[in-house]
Amino acid sequence: MKNTQMDYINSVNLNAGSDFPYLVLDVWGDQSYPRNPGFQVMHWHEDLQFIYVLEGEIEIKTLDTSTRIKKDGGVFINKNVIHLVNNTTSSCHYNSFIFPDYFLKFYFGSPAAAFVERIAGKDELPICCFPEEIDWCKPILSALSSLADLENRKTEFYTYEVLCLLSTLWLEVCRNIQLTGKTADTIIGVRMQKFLQYISEHYGEDISLDRLADSANVSKSECLRCFKSSMQTTPYKYLTEYRLSKAAELLKNSDEPIGTISSSVGFRQISHFGKCFKEKTGFSPRDYRKRR
């Protein structure tokens with residue numbers, strides 16, 4: 001049975017509460033501007049997302065696929081798709097454009113909405129890559145490049161220019177992408193959904209490899225193989241990342257004592273929690289709370 005998105009982390013658009021909820025992330029290596037914690041855990045957006053690679057190469061992981069995009073290439077990540085974006089080189093530089101699908105519908109009741117709804121949120125198209133070598137991708141990449149350039153030359157017409165470029169971008173996507181039917185979940189994808197759901201429900205408890213493997217009725221070795229194949233990591237490393245991401249949320253949004261937070265997310269020793277948190281963020285839990 002397929003999990004709901006609530007079993008995973010919802011990465012909320014930082015501009016969601018504004019009158020123009022358009023978010024551009026400028027990512028250099030491991031640093032993102034505007035800054036985010038950068039925890040390597042699967043997440044999803046309620047918004048649409050396009051990425052344009054300016055330097056180096058990135059890797060897009062879903063629960064059952066892994067795709068690499070090199071310099072001058074782009075990718076579309078549909079809304080509600082559980083995914084992870086990694087850079088493959090320290091010199092990697094890319095822009096991520098995140099926005100709600102109603103940007104493309106023009107107005108309530110518009111016939112243009114049909115061209116948005118034929119793709120947005122459809123399981124048949126979780127992601128779509130735009131390599132520069134393919135002719136039909138070139139207008140899409142040109143629009144993405146223009147969006148990236150626009151961030152360096154904002155004028156009084158910035159918001160209108162963004163909307164015009166997004167509409168041009170979406171028009172090219174609609175012209176060249178036809179959905180033919182729902183793709184079946186792979187075995188690894190189904191198992192990974194069960195593993196990640198178990199972690200999301202029990203991360204505050206002691207989770208052994210035995211218990212995690214049992215959640216999908218597989219052996220320990222198969223559990224390790226699935227994580228390595230799907231996410232190029234181990235269950236322990238993913239669990240640690242997930243716990244740290246939950247701790248960061250609590251440090252930011254609650255006044256709970258640090259010791260209580262450490263225990264609630266599954267760290268039994270506060271010293272170990274502090275060490276792991278500082279290694280990941282560069283800040284102690286106390287300093288992270290003050291900065292946030």
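## Exercises on a predicted model

**Exercise 1.** Why does the distance between the end C-alpha atoms of helix H2 (residues 138-150) agree with its number of residues?

*Solution.* Helices are DSSP runs of H or I with at least four residues, strands are runs of E with at least two, and both are numbered from the N terminus. Helix H2 has 13 residues. The expected span is 1.5 Å times one less than the number of residues. For H2 this rule gives 18 Å, and the end C-alpha atoms are 18 Å apart, so the two values agree.

This is a predicted model, in which local features need pLDDT of at least 70 and side-chain atom pairs count only at pLDDT 80 or more, while totals for chains, interfaces and linings use all residues. Residues are numbered from 1 along each chain as its sequence is written, and side-chain values use heavy atoms, with hydrogens and water left out.

**Exercise 2.** Which residues of H2 are buried, and what covers them?

*Solution.* Buried means under 20% relative accessible area, exposed over 50%, and partly exposed in between (1.4 Å probe, protein chains only). In H2 the buried residues are Ile140, Leu141, Ala143, Leu144, Leu147, Ala148 and Leu150. Their cover includes strands E5 (48-55), E8 (74-77), E10 (93-99) and E11 (127-130), together with helix H3 (158-176).

**Exercise 3.** Is isoleucine 199 buried or exposed, and which residues is it in contact with, leaving aside neighbours within four places in sequence?

*Solution.* First, locate the residue: isoleucine 199 is in helix H4 (residues 187-202). Next, take its relative accessibility, which is 0%, so isoleucine 199 counts as buried. Contact means heavy atoms within 4.5 Å. With those neighbours left aside, the contacts of isoleucine 199 are Ile207, Leu212, Phe227, Tyr238, Leu239 and Tyr242. For tyrosine 238, 39 residues away along the chain, the C-alpha separation from isoleucine 199 is 9.2 Å.

**Exercise 4.** Where are aspartate 72 and asparagine 80, and what is the phi of each?

*Solution.* Aspartate 72 lies in the loop between strand E7 (66-70) and E8. Its phi is near 70 degrees, a positive value in a residue other than glycine. Asparagine 80 lies in the loop between E8 and strand E9 (83-87). The phi of asparagine 80 is also positive, about 70 degrees, although this residue is not a glycine. Aspartate 72 counts as partly exposed because its relative accessibility is 28%; asparagine 80 counts as partly exposed at 29%.

**Exercise 5.** What kind of peptide bond joins tyrosine 33 and proline 34?

*Solution.* Proline 34 is in the loop between strand E3 (31-33) and strand E4 (43-44). Omega is about 0 degrees, and the bond is cis.
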